[in-house]
Every structure is written in C-alpha cells, then in structure tokens.
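Here are my notes on this model. Please read them beside the coordinates.

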Amino acid sequence: MAEYVIESLNVRRIEVLDPQGKADAALLPPLSDDDIRRMYALLVLSRAFDERALTLQREGRLGTYPSILGQEAAQVASAFALGPGDWVFPSFREMGMHIALSYPIPLLFRYWAGDERGLRTPDGLNVFPICVSVGTHLPHAAGAAMAARIRGDRIAVAAYFGAGATSKGDFHEGLNMAGVFGLPLVFICQNNQWAISMPVGRQTASKTLAQKAWAYGFEGVQVDGKGEERRRADLHRVPHLPGCRPYDRR
Ligand SMILES: Cc1ncc(C[n+]2csc(CCOP(=O)(O)OP(=O)(O)O)c2C)c(N)n1
Ligand SMILES: [Mg+2]
C-alpha cells in the first residue's frame with residue numbers, strides 16, 4: 001500500500017501594519033501623494049456617510065442600514081485598484097467602495113430609504129445592484145467574468161461578500177466556476193467576524209476562510225490591515241461559545 005501527500009496548502013497572511021502600528025513600506029503600492037490624499041478623503045467621506053446613515057436609520061428615516069465601520073479602508077483601497085471597464089458585484093456592506101467609485105451618494109441614501117431608483121447605477125459606472133441576498137451574486141460575478149472572457153474584453157471583475165457568505169452554496173458555485181475556467185475574478189471577503197449574531201468560528205470549521213479558495217484551484221490570501229494590536233483587541237470581543245471550534249484569526 002502506498003500512501004503519500006498529493007497536495008498541501010500554504011495560506012499566506014499579509015499584515016499591513018507592524019506591531020508598532022507602522023505601515024510596512026515593502027507593501028506600499030506605487031501611489032502618488034495626490035492619490036494618497038484622495039484615498040484619505042474618500043475614507044473620511046465614507047465614515048461621514050456611514051455615521052449619517054446610521055443616525056437616519058436610528059431615527060426611522062432609513063429602513064435598514066448595514067454599517068461599514070472599520071471596513072472603509074478595505075473598500076476604498078480595493079476600489080482604487082480597479083481599472084476602467086472592470087465590473088463590481090457588491091453585497092450590501094460596501095458603501096465605501098461605492099463612494100470611492102463616485103457612485104452618487106444621494107442614490108445610496110435613496111436605496112437604503114427603500115426607493116428602488118437608488119439601485120439604478122448611472123451610465124458609465126460598472127457596478128451591479130446591491131445584493132442583499134447573502135452570496136447569491138457570486139455565481140453572477142463568475143458569469144460576468146465568463147462573458148468578458150468570451151467577448152475578449154480585457155477586464156477584471158471584483159465580487160465583495162462577508163465571511164458568512166462563504167458558508168453558502170452560491171459561494172462554492174461561484175468559486176468553482178472561476179477556478180475551472182480560470183476567470184478574471186477577484187473574490188474579496190471582508191471578515192468582520194460575524195454573520196449577524198453568528199461568530200465565524202460557529203459557522204465554519206475551516207481554520208481560515210482564505211484556504212477555501214485553494215479547494216477550487218486558486219490561491220486565497222489573508223490580509224490584515226489593522227495590525228496585531230487591533231487583532232488582539234478583536235479577539236477579546238468575540239465570546240467563546242460552547243461547541244465552537246477555534247477559528248484562526250491570525
Ligand atoms: C439568502 C439570505 N439568507 C439570510 C439572510 C439574512 N442575512 C442578512 S445579513 C446576514 C449575515 C451575513 O454575514 P456576512 O456574510 O458575514 O456579511 P456581513 O453582514 O457580516 O457583512 C444574513 C444571514 C440574507 N440576507 N440572505
Ligand atoms: Mg460578517
């Protein structure tokens with residue numbers, strides 16, 4: 001009998017900040033001072049939008065509103081990496097991405113106030129409608145990437161979702177199609193540690209979420225923009241529930 005290992009995985013983790021809270025210069029992309037200022041302004045604008053929207057929601061003037069507090073940087077930076085012609089498939093928690101792509105802010109308020117006209121993306125912006133149904137946009141994103149491939153468009157597609165979505169069938173179908181066809185699709189999972197009231201360790205037995213990409217034949221990378229100190233603070237906030245397998249947040 002022969003028994004040997006035919007596959008082993010390495011999940012890379014990239015930490016943007018060192019333990020002192022300083023950005024690792026080796027990770028800095030080639031950005032001009034102007035770009036950095038623009039990104040910072042977009043971060044502040046996203047935070048201001050978020051605070052306003054949350055206030056309006058608490059006052060009963062918006063129906064519901066999923067806050068992006070703490071997720072602004074991942075959204076603004078990833079939106080900045082997109083080129084003209086690229087397509088975006090958002091979930092419901094990407095207002096920072098919308099704002100960074102110049103999606104009109106009044107439309108975002110309109111959408112969260114329950115007016116469907118808020119979903120009509122203006123011409124020239126390649127942003128699909130917000131997808132509230134968890135993870136169901138991921139096969140659609142794969143379809144868009146497939147269409148681009150067939151048409152010969154040299155574009156990329158970015159699909160945003162949360163940790164909870166990685167437990168949905170749609171997530172696995174989307175990744176499978178992307179892997180089989182080698183599609184130009186980037187899956188951007190923002191792990192805020194929760195799916196409503198379910199901590200991530202309770203809804204997956206995977207040690208990391210990034211390793212799920214490997215199952216479909218492409219690399220998954222874990223990125224931590226907050227640094228070790230914040231990570232430790234986060235760890236203390238997540239209660240230990242009986243029956244939960246420890247999830248590796250490193
Ligand atoms: C198909 C479906 N089932 C249930 C819900 C209710 N729901 C809304 S948000 C959410 C959790 C999503 O968690 P995650 O994917 O981590 O995204 P986050 O909200 O943390 O950004 C659920 C279950 C839904 N919107 N769609
Ligand atoms: Mg989540």
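1. Basis. This is a predicted model: local features need pLDDT of at least 70, side-chain atom pairs count only at pLDDT 80 or more, and totals for chains, interfaces and linings use all residues. Residues are numbered from 1 along each chain as its sequence is written, chains are lettered from A and ligands numbered from 1 in written order, and side-chain values use heavy atoms, without hydrogens and water.

2. Main core. A nonpolar core is a set of buried Ala, Val, Leu, Ile, Met, Phe, Trp, Tyr and Cys residues joined through side-chain atoms within 4.5 Å. Buried means under 20% relative accessible area (1.4 Å probe, protein chains only). The largest such core has 27 residues, and Phe 49, Tyr 65, Met 95, Leu 101 and Trp 112 touch the most other members. Elements giving two or more residues to this core are helices H1 (33-58), H2 (72-80), H3 (95-100) and H4 (105-112), plus strand S3 (157-162). H1 gives the largest share, five residues. Helices (H or I, at least four residues) and strands (E, at least two) are DSSP runs, numbered from the N terminus.

3. Second core. A separate core of 20 residues includes Leu 138, Met 146, Ile 155 and Leu 183.

4. Sheet. Three strands form an open, parallel sheet, ordered S2-S3-S4. Strands pair if DSSP finds at least two bridges between them. S2 (87-89) and S4 (185-190) are the edge strands, each pairing on one side only. Three bridges join S2 to S3. Val 88 stands opposite Ala 158 in S3.

Key: Buried means under 20% relative accessible area, exposed over 50%, partly exposed in between (1.4 Å probe, protein chains only).
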